[in-house]
Amino acid sequence: MNSLKKRDNEVQEHVLQDVDKILMDVKNKGDAALLEYTYKFDRVLLNDLKVPREEMERAYEKADKSYIDALKISIENIKDFHQKQLRNSWIDNGKTGIILGQQIRPLKRVGVYVPGGKAAYPSSVLMNVIPAKVAGVEEVIMVTPPDRDGEVNEAVLVAAYMAGVDHIYKIGGVQAVGALAYGTESIEKVDKIVGPGNIYVALAKKQVFGDVDIDMIAGPSEILVIGDESANEKFVSADLISQAEHDELASSILVTTSDELAKKVQVELKRQIEERNRKEIIEKSLNDYGVIIVVENMEKAIEVANKIGPEHLELMVKDPFVYLGQIKNAGSVFLGAYSPEPLGDYMAGPNHVLPTNGTARFFSPLGVDDFIKKSSYIYYSKEALESIGENIINFANVEGLDGHGNSIKVRLEE
Ligand code: HSO
Ligand code: ZN
């Protein structure tokens, strides 16, 4: 373990050029470009990008019962949590002759990107799709790259089917982002693109932002555990490893008030790593970005956590709720010894799409708010307008916009 290291996220110029070229091609050539790039990058020639509904149903019928059971509980808990996020439109008629309000409307069509290969997490399908559905999005379109046989991950298909995805297309990479942003003959353009992807996908999302909305750009996973002398070194080590196994670039940090815990965790980590399937990734991640920080007291520990603003913050301390109010920057907070981070990844209900890389300072977890928009409305009676008209005219004059003033004047003179 070493000292805190900033993860480099500089982008090379040529990557950006590649991304722009693919996006332009998709915009200009539509489906033809999609098929061409799928052949180039995924090495498979497809006739049809769409996954038929029967294929989703078949995957569902074939799936292990234990997997279906896990999905069911997960879906229910995610739905319950996100339903609490729904907000109401409101109306204010407190002043005579005036009605003001705000209407909440769901986005009509949303695209969810699901990476291929090892990072195709069905749990992330649920976390991206369910809040959209709860918000009332009419059509959720999922895109995911095909494998060499032109197939998509079955576990992902099952999760998508159960979460209520409306259409799935076998397309990945920058070309998928382009298709969702601009639309092609077979894929309708969406209002927002969400979901994680590699650097190319992340950059493509940044480039199409403005034509469509996008979610935050997620970086490698992070966990910061605050442990006091009461923390169990086995639990702490397992949780640090659970995020380290995601990615060589993942960061796992322990901040502790106990010298003894720091020592025990160092020994325990070595022991547990040996038992893990992803030993190499974990070792690299912990070597490069793993840190143990010993601090004098809980006040200092919280200060460190707030400064880092981790994606996941575990409070493995005696009275975790005492400190909850002091946490200012964290994606999701896990309280006590029996609320480990993977509980949040799969089952508890809160979203696991969380701000990374210190962006918890200004970003929130993905949620229903990401799939709604608001319009405000205004009604004034003649008398109400008369009572404030002169002020509007004066304001418009200051801005040199007498046409604005006139729109009020013609009404006052009537
Ligand atoms: N911990 C990851 C999400 C995830 N874990 C998916 C397992 N599957 C980022 O929050
Ligand atoms: Zn995870």
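This is a predicted model: local features need pLDDT of at least 70, side-chain atom pairs count only at pLDDT 80 or more; totals for chains, interfaces and linings use all residues.
Local features need pLDDT of at least 70 and side-chain atom pairs count only at pLDDT 80 or more, while totals for chains, interfaces and linings use all residues. Residues are numbered from 1 along each chain as its sequence is written, chains are lettered from A and ligands numbered from 1 in the order in which they are written, and side-chain values use heavy atoms, with hydrogens and water left out.

H246 sits in the loop between α9 (233–244) and β10 (251–256) and D345 in helix α14 (residues 341–346), so the pair ties together parts that are 99 residues apart in sequence. Helices (H or I, at least four residues) and strands (E, at least two) are DSSP runs, numbered from the N terminus.

How buried or exposed are these two? H246 counts as partly exposed because its relative accessibility is 30%, and D345 counts as buried because its value is 10%. Buried means under 20% relative accessible area, exposed over 50%, and partly exposed in between (1.4 Å probe, protein chains only).

**Ligand 1**

H246 and D345 turn up again around ligand 1, along with others including Y121, S221, E311 and H352. Being around it means having a heavy atom within 4 Å. The table gives some polar contacts (pairs of N or O atoms within 3.5 Å; within protein, one must be able to donate a hydrogen and the other to accept it, and residues adjacent in sequence count only if both atoms are side-chain atoms).

| Side chain | Ligand 1 atom | Distance |
|---|---|---|
| S123 | nitrogen | 3.3 Å |
| Q243 | nitrogen | 3.0 Å |
| H312 | oxygen | 3.3 Å |

**Strand β12**

H312 also belongs to β12 (residues 312–316), where five of five residues are buried. H312, E314 and M316 point one way, and L313 and L315 the other. Strands pair if DSSP finds at least two bridges between them. β12 runs parallel to β9 (residues 222–227), with five bridges, and I223 is partnered with H312. β13 (residues 332–335) pairs with β12 in the parallel sense over four bridges.

**Helix α8**

Over in α8 (residues 199–208), the buried residues are V201, A202, L203, A204, K205 and V208. At its start, a side-chain oxygen of N198 comes within 3.1 Å of the backbone nitrogen of Y200. After α8 comes G210, with a positive phi near 115°.
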